[in-house]
Amino acid sequence: MDLKENLTGVEHVGVPTADLAKTVAFYESIGFETILRTATPDGVPVAFLQLGNAVIETYESKDAAGKPGAIDHLALKARDIEAAFKAVKALGYEMVNDEIEFLPFWKNGVRFFTFYGPNREKIEFSQIQ
């Protein structure tokens with residue numbers, strides 16, 4: 001069995017953080033649910049959060065960069081991009097895009113916008129047309 005046959009999709013995306021509680025609260029505010037709170041064997045707090053089939057592992061780290069770096073962005077599927085944009089704007093998060101953008105990807109394009117999470121990770125909401 002080769003890797004293509006063995007691998008089935010994204011398991012999770014790791015997001016190091018200097019403030020686990022702030023990071024968990026942020027992701028819960030946009031719809032994620034905490035599915036596991038634990039710690040590494042050496043006591044580092046860890047939380048797993050899930051929204052649909054997207055899972056984020058966030059963990060406290062003294063080396064958390066607090067800026068784009070290890071992860072460029074996490075893209076999440078939106079059913080209604082306009083409603084999602086309004087909801088994120090209402091939460092007051094720092095936007096990367098001032099409006100919903102369009103790219104001619106896929107058959108009929110994709111509409112998306114991006115905003116920053118608490119560790120300067122970029123979160124993209126997208127709707128394939």
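I looked up the pairing of strand β7 (residues 110–116) and found seven bridges joining it to β8, the two running antiparallel. Strands here are DSSP runs of E of at least two residues, helices runs of H or I of at least four, both numbered from the N terminus; two strands pair if DSSP finds at least two bridges between them. I noted that Phe115 has Ile123 in β8 as its bridge partner.

The model is predicted, with local features needing pLDDT of at least 70 and side-chain atom pairs pLDDT 80 or more, while totals for chains, interfaces and linings use all residues. Residues are numbered from 1 along each chain as its sequence is written, and side-chain values use heavy atoms, without hydrogens and water.

I then traced the open sheet, whose four strands follow the order β5-β8-β7-β6 with mixed pairing. Its edge strands, β5 (73–77) and β6 (101–103), each pair on one side only.

Next I turned to Gln127, which lies in β8 (residues 122–128). I recorded Gln127 as buried because its relative accessibility is 17% (buried is under 20%, exposed over 50%, partly exposed in between; 1.4 Å probe, protein chains only).

I checked polar contacts, pairs of N or O atoms within 3.5 Å, one able to donate a hydrogen and the other to accept it within protein, with residues adjacent in sequence counting only if both atoms are side-chain atoms. The Gln127 side chain reaches the backbone oxygen of Arg79 at 2.3 Å. A polar atom of that side chain lies 3.1 Å from the backbone nitrogen of Ile81.
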